[in-house]
Amino acid sequence: MSDTKKLLICAVGIFVCYFMFGILQEKITRGRYGEELHEDGKKGERFTFTLALVGVQCFCNWAFAKCILLSKPQPNDGTPTFFYFSSALTYLLAMISSNMALQWVAYPTQVIAKSAKPIPVMILGVLLGRKSYTLQKYFYVLLIVLGVALFMYKEGKVNKESTNAGLGELLLFLSLSMDGLTGAIQERMRAHSAPSGQYMMLSMNFWSTIMVFTALILSGEGLAFLQFTHRHPELLQHLLGLSICGALGQLFIFMMVSAFGPLACSVVTTTRKFFTVLFSVIFFGNPLAARQWFGAVLVFTGLFADMITGKRKPKPVSGKDKEQKESLLKADGDR
């Protein structure tokens with residue numbers, strides 16, 4: 001399979017799976033379960049167990065990857081456990097920090113901050129992951145990030161607790177830093193042993209599940225979640241659908257990370273929201289502001305320019321340069 005076809009399959013898989021994932025997640029977290037009246041005067045009980053929801057997803061993702069490897073065994077890639085453990089830790093911290101930040105900052109602020117995810121991935125990938133990018137690549141990614149921020153931003157009401165916005169911004173900065181560290185660690189993993197997407201999914205979710213389940217037991221949220229599920233068994237159907245979409249989506253993500261690196265994956269996941277909103281605008285006729293049209297132009301310009309320049313073949317290496325390169329590699333290997 002060609003790289004272009006594989007990239008397209010992974011990107012479409014991420015878009016479709018996480019589109020359905022978003023619908024089910026909103027149904028779980030913003031819907032109501034049961035018919036009894038509560039203190040707010042509304043029928044039904046709200047689902048508030050964010051940590052438990054993350055734990056269920058991590059466990060199901062691990063089980064899904066385990067089944068894939070059992071049906072189609074692969075040789076162990078030899079990746080050190082430390083890489084998987086540290087990557088799982090930074091991934092969880094990034095996700096939890098961004099969710100907690102919504103208590104102190106408005107949603108548009110979080111959207112704009114998370115739209116900048118490719119930037120720390122690139123910076124820390126260079127500093128810690130020993131990765132190098134061209135100036136063109138930096139420019140194209142910056143265009144995409146600015147375009148998504150302009151397109152997604154909507155002037156709205158600020159949260160009631162905006163006086164403590166400094167804490168929310170600090171959490172967003174922490175989330176972006178953890179995103180960058182996750183990408184840097186994954187670059188080191190690719191350079192060290194080039195693990196498959198299935199092994200990355202299995203090992204990272206194994207450690208994520210252990211961490212989250214430990215937190216659920218210590219915090220007492222796990223017991224409260226089980227009691228809620230017992231009261232409202234219809235939640236299990238929604239969790240099953242969410243887990244299937246999340247597992248398939250994460251499989252495509254790790255396949256992309258394994259084949260193309262975390263930067264390509266972060267660009268795809270960042271633009272996913274943009275295309276979801278854009279399709280909604282096209283099909284439902286919602287008007288766009290001039291700022292949003294300008295943002296759309298920036299995103300498409302960055303994406304197409306990156307694809308066109310990325311397809312250019314590198315210059316052929318001359319015989320003399322090839323001999324010099326081989327002698328340098330041999331000398332480096334003899335040290």
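Which elements cover the buried residues of α2?

First, some ground rules. This is a predicted model, so to speak of local features we need pLDDT of at least 70, side-chain atom pairs count only at pLDDT 80 or more, and totals for chains, interfaces and linings use all residues. Residues are numbered from 1 along each chain as its sequence is written, and side-chain values use heavy atoms, with hydrogens and water left out.

Now the overview. The protein has 13 helices and two strands; these are DSSP runs numbered from the N terminus, with helices being H or I of at least four residues and strands being E of at least two. Of the 335 residues, 44% are buried. Buried here is under 20% relative accessible area, exposed is over 50%, and partly exposed lies in between, with a 1.4 Å probe and protein chains only. The accessible surface is about 19200 Å², and 66% of that belongs to carbon and sulfur atoms; the areas come from the Shrake-Rupley method with a 1.4 Å probe, and for residues only the protein chains shown count as cover. Take the contacts between residues at least 6 apart in sequence: 84% of them join residues at least 24 apart, where contact means heavy atoms within 4.5 Å.

Back to α2, then. Its buried residues include Leu51, Val54, Gln57, Asn61 and Leu69. As for what covers the buried residues of α2, the list includes α1, α3, α8, α9 and α10.

Among the buried residues of α1 are Cys10, Gly13, Ile14, Tyr18, Phe21 and Ile28. Lysine 6 is also in α1, but this lysine is partly exposed, at 29% relative accessible area. Lysine 6 and phenylalanine 260 are 254 residues apart along the chain, yet their C-alpha atoms are separated by 9.7 Å.

On to the cores. In soluble globular proteins, nonpolar side chains tend to be buried together. By nonpolar core I mean a set of buried Ala, Val, Leu, Ile, Met, Phe, Trp, Tyr and Cys residues joined through side-chain atoms within 4.5 Å. The largest one here has 48 residues, and Ile14, Ile28, Phe47, Phe225, Leu235 and Met256 touch the most other members. Elements giving two or more residues to this core include α1 (3-30), α2 (50-71), α7 (165-192) and α10 (235-260). The biggest contribution is from α10, with eleven residues. There is also a second, separate core of eleven residues, including Val121, Tyr133, Val148 and Leu263.

Zoom in on phenylalanine 47. Beyond its neighbours within four places in sequence, phenylalanine 47 contacts Ile28, Thr29, Tyr33, Leu53, Phe225, Phe228 and Leu235.

Not counting residues up to four places away, serine 87 touches Thr182, Ile185, Gln186 and Met204.

Ile119, Ile123, Val126, Leu127, Leu128, Leu135, Tyr138, Leu142 and Leu146 make a nonpolar patch of about 810 Å². Patch residues have over 30% relative accessible area and no salt bridge, with like charges joined within 9 Å and nonpolar side chains (Val, Leu, Ile, Met, Phe, Trp, Tyr) within 5 Å. Helices α5 (118-127) and α6 (135-152) each supply at least two of the patch residues. One of them, leucine 146, is found in α6 and is partly exposed, at 43%.

Last topic: how many salt bridges does a search of the whole structure find? Two, where a salt bridge is a side-chain nitrogen of Lys or Arg within 4 Å of a carboxyl oxygen of Asp or Glu.

One joins arginine 231 to glutamate 45, with the closest N and O atoms 2.8 Å apart. Arginine 231 lies in helix α9 and glutamate 45 in strand β2 (residues 43-46), so this pair ties together parts 186 residues apart in sequence. Arginine 231 is partly exposed at 44% relative accessibility, while glutamate 45 is buried at 17%.

The other joins glutamate 187 and arginine 190, at 3.6 Å from N to O. Both lie in helix α7, three residues apart, about one turn of the helix. Thanks, everyone!
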